[in-house]
Amino acid sequence: SALEIVTLLKDVHHPRARSTIVKLIAGLEGAAPDAGLKSMFRHLAQALMTHMDEEELVVFPAVDRSARGLHVDKAEFIDAIAFLEFGHGEIGRMEATLREEAHQFGGLAAPLVHFLDELEAHSVLEDQVLVPLLKALVPE
């Protein structure tokens, strides 16, 4: 159900992503990628943090209210779906560039690629499972 996915994202995926982002940013200081790649990772990290915060403020409460049988305005669901779809496009482009250049991150390359793999799985879960469930919940 949408509520089960939201709970998994909120309780497992988001805390793990936040923790990993903090560790990778700290590790960047000693790594040797060019300044542009460091900047891109920091930009990706900021975009992800903002995206997760917005999911927790916009998407998750709408799903929770719907699961409890409370009224959810049609516009709320439409906004939640649009937010997920738009945010993943921007994040996906940065993720693809960083993946191509991961070898430049030296000892951080493997943890970075692992993080990017988890990020991709997270996006697939939201895009291919959660969004269709949300579309099915949109009130007539």
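In this predicted model, helix 1 (residues 2–28) and helix 2 pack with their axes 10 Å apart and at an angle of about 160°. The two helices are therefore roughly antiparallel to each other (angles over 145 degrees; under 35 degrees counts as roughly parallel). Helix 1 passes helix 2 in a left-handed crossing, and the residues of this contact (heavy atoms within 4.5 Å) divide into 17 nonpolar, one polar and eight charged.

Residues are numbered from 1 along each chain as its sequence is written. Local features need pLDDT of at least 70 and side-chain atom pairs count only at pLDDT 80 or more, whereas totals for chains, interfaces and linings use all residues; side-chain values use heavy atoms, with hydrogens and water left out.

The axes of helix 2 (residues 35–67) and helix 4 (residues 109–137) come within 13 Å and cross at roughly 30°, which makes helix 2 roughly parallel to helix 4. This crossing is left-handed. Contact residues include Phe41, Leu44 and His51 of helix 2 and Leu112, Phe115 and His122 of helix 4; the contact divides into eleven nonpolar, three polar and two charged residues.

Leaving aside neighbours within four places in sequence, Phe41 is in contact with residues including Ile21, Leu98 and Phe115.

Methods. Axes are lines fitted to C-alpha atoms, for helices over the stretch in contact, and angles run from 0 to 180 degrees between N-to-C directions. Helices (H or I, at least four residues) and strands (E, at least two) are DSSP runs, numbered from the N terminus. Angles under 35 degrees count as roughly parallel, over 145 as roughly antiparallel, 65 to 115 as roughly perpendicular and the rest as oblique. A crossing is left-handed if the near helix is turned anticlockwise from the far one by less than a right angle, and right-handed if clockwise. Ala, Val, Leu, Ile, Met, Phe, Trp, Tyr, Cys and Pro count as nonpolar, Asp, Glu, Lys and Arg as charged, and the others, Gly among them, as polar.
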